[in-house]
Amino acid sequence: MARKYKTLGTKKRKYTFVTTMNQSYYDLCGKRMIDTFLEYADPNFELCVIAEDVASRFDNRIKVYDWNYICKLDWQNFCSKTNNNKEQKFAKKGFAFLYSLKNIGTHRLIWLDSDIIFHNNFDSSIIENTIKNKMIGLFDHKYLGDKGYSAESGYVILDKKHIEYQNFVDKYEMYYIIETKPEQIQRWYDGQVCMLAASHFEKYVFDLSTYKYEHVDTHTPLNHCPLNYYFTHNKGPEKKKWYNNK
């Protein structure tokens, strides 16, 4: 039986941050991510966790959703279309993101990977500078010169009231539920699907990679721009070592 989690209230917030994690990720980095968010975020910001089989108790300030209940079936259907282990792994996040796009009521929806860590106090002025009155803000990887569409999807912000928002959600969902991988992307990864969907709305996309320091070639531009004063994305092969030393 799917584990049931308590959810807190239904009051619609202006800024809602969403992440997902399982027990091993909670132990490795998720708890630290949550603790630092609660320490440094504006108290009016909301954090939602889409949790997969997490037995640990969450802070009562967090709204929690059961990944098994809301995402698992769609993910299993996706897995029947690809044998690529990484595509299947990243699709767990992809369907959690899709659920939040379709169901979490807010004005600004901000997706966070659970290996992001916060360092200093941040408020709405910082967050607004990551969307600039557009529909979506994300780190486009086009500066890398790779084929196809790709983005750093550890931080993505959307305006759920934007006139093109629902059209974006429909595109994102379509690219995840079609029978074969879209030919415009190299891998069926969430970051590539997200950038492909956003590419249809270029006029309404704020490319956060414009904040990247010059002459830095990286797949994690968040860590190489002024936003790293507030939060960083600790991913890659050094992640386990980094967290275990904290």
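Predicted model: local features only at pLDDT ≥ 70, side-chain atom pairs only at ≥ 80, totals over all residues.
Q: What makes the space of about 1100 Å³ a pocket?
A: On a 1 Å grid over the protein atoms alone, a pocket is an open set of points with protein on both sides within 12 Å along at least five of seven lines. Residues are numbered from 1 along each chain as its sequence is written, and side-chain values use heavy atoms, leaving out hydrogens and water.

Q: Which element gives the most to the lining of the largest pocket?
A: That's α4, with 5 residues. Helices (H or I, at least four residues) and strands (E, at least two) are DSSP runs, numbered from the N terminus.

Q: What makes a space a cavity rather than a pocket?
A: A 1.4 Å probe fits at a cavity's points but cannot get out. The structure holds 1 cavity of 30 Å³ or more, and the largest cavity has about 50 Å³ of space.

Q: Why do Lys93 and Asp190 count as lining the largest cavity?
A: Lining residues have an atom within 4 Å of a point, so Lys93 and Asp190, both among the residues lining the largest cavity, meet that cut-off. α7 gives the most to this lining, with 3 residues.

Definitions and conventions:
Points joined across faces, edges and corners; volume = space filled by probe spheres on them.
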